[in-house]
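Subject: Structure handover

Hello,

Here is the structure we discussed. Please look it over, then read the notes below.

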Amino acid sequence: MADLQAILDSIYADIQPRIGEGKVADYIPELAKVDPKQFGMAIVTVDGKVYRVGDADTAFSIQSISKVFMLTLALGKVGEGLWKRVGREPSGSAFNSIVQLEHESGIPRNPFINAGAIAVSDVVMAGHAPREAIGELLRFVRYLADDESITIDDKVARSETQTGYRNFALANFMRAYRNLDHPVDHVLGVYFHQCALSMSCEQLARAGLFLAARGSNPTTGHSVVSPKRARRINALMLTCGHYDGSGDFAYHVGLPGKSGVGGGIFAVAPGIASIAVWSPGLNKVGNSQLGAAALEMLAARTGWSVFGD
Ligand SMILES: NC(=O)CC[C@H](N)C(=O)O
């Protein structure tokens, strides 16, 4: 394999003059306070080697990247039955859009837009109090990353609870269509806390390594999902992981990936490595501007695109 540390260093050198590009998410007040001049990246290969550059150890709000972990939990609970509650098609609209929900009778397009993720949280809550569902997710992510130090940033969760008007609208709408079983404030309590998971690039790359390695984490020996399920989660990330920027991300990067408005992007090179990059400045569709640029460089310099080198 090419010298990955040299490639990461070259990406960092090319990104450095651009650090600060993009706009931090300011609709969640706590996220608006984050210094945009940060950039980190980590790669964990399936043979357990770790490569890091920049602020790879700084914890950030993973936001929508949590939707991948929640989806994994929900599929574990109800299997393919999940697809009665949420679709598997790209939405072609913003992550917090409400327009399709009415046309499609309260069934969100996919598990990675907000409406879909809220429905997935409702599924994970079955038989649990909200606090227990949050605890289950936190335990799961710590187990995946093999790192007990991962926490949830309560300030971020509170900040979003106070200002998440659109998410309340989406959840109320779905509840009216009977696509939420639990009270809206309980489901959103879970959703806002999952989004407030605070992780570094390295922790994130470790937690998602099972998706690069046919469902098992080769560094811990933990078997998380079947190879088929890992493949399918990757397919959903490739087609839906970047909202209305999913096509563009596939075009430029060519890896399954999931972004979050905290500026993180998690990506998978199947059979090779998992990657996490973070830089808080976002592009117009809410994806990390420099994160996407760095992943494009990585794919070009390694030949890791799933579409060929
Ligand atoms: N794209 C995102 O990361 C959105 C997540 C954010 N918590 C929201 O619901 O708006």
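Asn287 sits in the loop between β8 (273-278) and α14 (289-302). Helices (H or I, at least four residues) and strands (E, at least two) are DSSP runs, numbered from the N terminus.

Two notes on the source. The model is predicted: local features need pLDDT of at least 70, side-chain atom pairs count only at pLDDT 80 or more, and totals for chains, interfaces and linings use all residues. Residues are numbered from 1 along each chain as its sequence is written, and side-chain values use heavy atoms, with hydrogens and water left out.

Back to Asn287. Its relative accessible area is 3%, so Asn287 is buried (under 20%; exposed is over 50%, partly exposed in between; 1.4 Å probe, protein chains only).

Next, Ser64. It lies in the loop between β3 (60-61) and α3 (66-78). Ser64 counts as buried because its relative accessibility is 5%. Beyond four places in sequence, Ser64 touches Asn114, Tyr243, Lys258, Ser259 and Gly260 (heavy atoms within 4.5 Å).

Last, Asn114. It is found in helix α5 (residues 114-125). Asn114 is buried, at 3% relative accessible area. Its side chain makes a polar contact with the Lys67 side chain (2.6 Å).

Best wishes

Notes:
A polar contact is a pair of N or O atoms within 3.5 Å; within protein, one must be able to donate a hydrogen and the other to accept it, and residues adjacent in sequence count only if both atoms are side-chain atoms.
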